[in-house]
Amino acid sequence: MSLLEIEGLDLSIGDSRILKGVDLSVAPGEVMGLVGESGSGKSMTALTLMRLLPEAARVSGRVTFSGIDILAADEARMCALRGDDIGMVFQEPMTALNPVKSIGEQVAEGIRWHTGANRADAEARAKTILDRVGLPESRFPLSRYPHELSGGQRQRVVIAIACALKPKLLIADEPTTALDVMLQAQILELLRDLVDENRMGLLLISHDLAVVADMADRITIMRSGEVMEAGETARTLSEQLHPYTRQLALASMHVPERSKVHAANGPNLLEVQQLTRDYPSRRVSLFTPGEPTRAVDHVSFSMHAGQSMALVGRSGCGKSTLARMILALDRPTSGDISFRGMSLAGKSESELRVARRDMQVVFQDPYGSFDPRHRVERLVSEPLHLLYKRPTPTERREMVARALHEVGLGADDMHKYPHEFSGGQRQRISIARALITRPKLIIADEPVSALDVSIRAQILDLFAELNQRLGVAYLFITHDLTVARAITDDVMVMHEGKIVESGRTADVLDNPRSQAAKELVAAAPDLHRAIVRRLREEG
Amino acid sequence: MAAYLVKRLLVGLVTLLAASIVVFSVLEIVPGDPAQLMLGMNATPEAVAALREQLGLDLPLIWRYLSWLGGFFVLDFGRSYTYSVPVSELIAERIVVSLPLAIISLILSTAIAIPVGLFAAARRGKAADAVSMGLSQFGVAVPNFWFALILIYVFAVWLRMVPAGGFPGWSAGLWPALKALILPAIALALPQAAILARVTRQALLEVLGEDYIRTARAKGMPWRYVLWRHALRNAMIPVLTILGLQFAFLLAGTIIIENVFYLPGLGRLIFQAITQRDLIVVEGVVMLLVVAVIVVNLLVDLSYALVDPRLRSRR
């Protein structure tokens, strides 16, 4: 007997059909993985179960949750189900909690509402569940506010809210996508334990096949609102009968081809020596300044032309601060950076131009890094003011066209606005923007982590090709070891501001020696490993 | 939190000091000798000189500024050139009308605006939203003296519930005094409420799109509960900002309404003082208003911190 049964679910908003005949079921104590790329209708399926769809949505089909017809239930009935029998965890822990209410209030609120318990009893239960998700009262009192917690801690609070009343079904929509691999591993383990303890059904929505392969008993693969394939996780993923399943699996393990190895010859492209950055911390009192926080601690390394280097580490380890200093967007407290033989220390903005021209950046979020009111031509040509000689409008147009061509876009695209492009295309535009000054080094801060697996494979190919053809060196900042493995020659592992391990990428990731690197490798989801483990368990 | 408070307080004091220099300088720049003005055109130069000495106008500029500034601490704003009474007395007479009037209209406008804003936001895009926002558009567009005239016609002339104008003084008793203030307060409050209701609705709509609203709904909280308990408090920051600005306006910008209702308030005092070149009164009232605005801003800043815990722990 299924806990949740979805049959022939159709959903449309306006003229667009979001879901087309979706079938899905979850049994008590079962983990169902729902996989698909963005726009495949995963989240809409989840919101349908909660009846939290936008008002304009029209739904048909059947959704039955422990005997209740969800689509026919009235609002009062749904309010009674939500948070009590069905819990939901969302993707973005940073914004999922109300900033003006304490975590205790937010957990206890649902308990009071559903059980009618008094404040003291509800708080006692809130304490128990917060303790269960790893936020003991001794360190995380109920009076804490969301902004006083990190992303991983906030996601635990969201899970506590969802699981406070031991729901029969938990819907987790990309619960770990915004977290680093270590936190991801911890949150997934917590979810698994909660399933085992209460025989809770879990609908785990993710774009990451490796995560789902590790967690789910059964898997449903969706594409543009339709179910492509469904079945036992291990069998589905090992046999890969459906072409789309095979395509997804291949894309998520994709390694671009890079035959040419740029040998280290000539002077180093980038040299970083004993680089340190302190941030002032909160004052102890009006007259006593706090101990400064050391974000980057005596980091030294060098890169040669055409080298592809990964900088990996947990979030908050100092990766981005280090990158900002190399880009001369932030001044080091001590130490020196020299780029193409020129020291960046103490240079004025006009003296830095020379360096800026040869060093460009690609950011994580292709949505947030463009001014939506500018056309692509203007966006891509932005770095051109760094050149010695300002190009004429015709020259500028030609340069933009060439840069767009290099990233696989057409010259006509320069007249469009960013919103006319998909996520992957926008990331191509930001790479074009980085390429236009013919830089020697591109610093890429999580350049593919916001992208779907198939688009991510294309972007990785693009990075590899540009490296082969133009000899651009890369510093990839990432917490995703698959990316590091796919595209870099060397890797540096950063932990609490220090480089704790470095070497050839394959060597370090296959045989990590430092504690930090070992933990990172162990926590990183790996599709291949997960399938092998599942098959072995099933015999 | 203490550091936040101290910082705000210091900023307020610096603003006050800067404002005092500006106000004092303006008085110095404006042509006309107060002593000559007080004695009239036919006064002898000796008499003018004697009065100048008596008023301290012959002292060096910096000294006059300091003594003028020092006067504020003992509530001595100088003497009116036209009435020859202390400015503080003139202000005291008027503020007992203006301050209660401002407070009553502020309470009224909040009491109208917040529920209307909530109502409209909760029914976004529906007929009720369109009607309430249409009304508020009307309220923003129509000047308050027009409301005042309508109110006088309906409640004073036709229904005879309240007097059409004038102020009996608080000595006449609480009820008669309040009755004289109620129509002007409503006339002042309506346009303010219309603005505030639109701000409230807009702020709420923004907040209702936030992820934590969905989290609250997923907890099983009914829509109305989410609106009141989760959305409203988060939408308060812009509402409080507008409220602070409105209070400053209500205290000093009420001259038209005071004239319509024949109320002896600060607005009319400042207007008379300007027409009579009684600049020392203008100075005193302006400084008082500056103090009021700074105090209100301080209160608004404090209320931000009460509403939003992130501001409390900020450095």
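The complex as a whole is given an ipTM of 0.81 and a pTM of 0.83 by the predictor.

This is a predicted model, in which local features need pLDDT of at least 70 and side-chain atom pairs count only at pLDDT 80 or more, while totals for chains, interfaces and linings use all residues. For making selections, residues are numbered from 1 along each chain as its sequence is written, and chains are lettered from A and ligands numbered from 1 in the order in which they are written.

The C-alpha trace of chain B spans about 85 × 60 × 35 Å along its principal axes. Of the 315 residues in chain B, 32% are buried, a residue being buried if 20 or more other C-beta atoms lie within 10 Å of its own, exposed if 12 or fewer, and partly exposed in between, with C-beta atoms placed from the backbone.

Next, select residues 127-141 of chain B, which form helix α6, a run of 15 residues reaching 21 Å from its first C-alpha to its last, close to the 21 Å expected at 1.5 Å a residue (1.5 Å times one less than the number of residues). Which residues of α6(B) are buried? They are S132(B), S136(B) and G139(B), and, seen down the axis of α6(B), the buried residues fall within an arc of 50°, so they line one face of the helix; the arc is that of the directions from the helix axis to the C-beta atoms. These buried residues pack against α5 (87-122) and α8 (174-208) of chain B, whereas the face turned away from the buried side carries the exposed residues A127(B), G134(B), Q137(B), F138(B) and A141(B).

Now bring chain A into view and select the side that touches chain B: 27 residues of chain A are in contact with 21 residues of chain B, contact meaning that the C-beta atoms of two residues, placed from the backbone, lie within 7 Å. On chain A, α2 (75-81), α3 (103-115) and α5 (151-163) each supply at least two residues of this side, and the largest share, four residues, comes from α3(A).

Then colour chain A by domain: an automatic or database domain assignment divides the chain into domain 1 (4-252) and domain 2 (372-438), with C-alpha centres 40 Å apart.

For the last stop, select residues 423-435 of chain A, helix α14, whose 13 residues reach 19 Å from first C-alpha to last, close to the 18 Å expected at 1.5 Å a residue. Because 11 of the 13 residues of α14(A) are buried, this helix is largely enclosed by the rest of the structure. The buried residues of α14(A), among them R426(A), I429(A), I431(A) and L435(A), pack against β16 (359-362), α12 (376-381), α13 (393-406), β17 (441-445) and α15 (453-470) of chain A.
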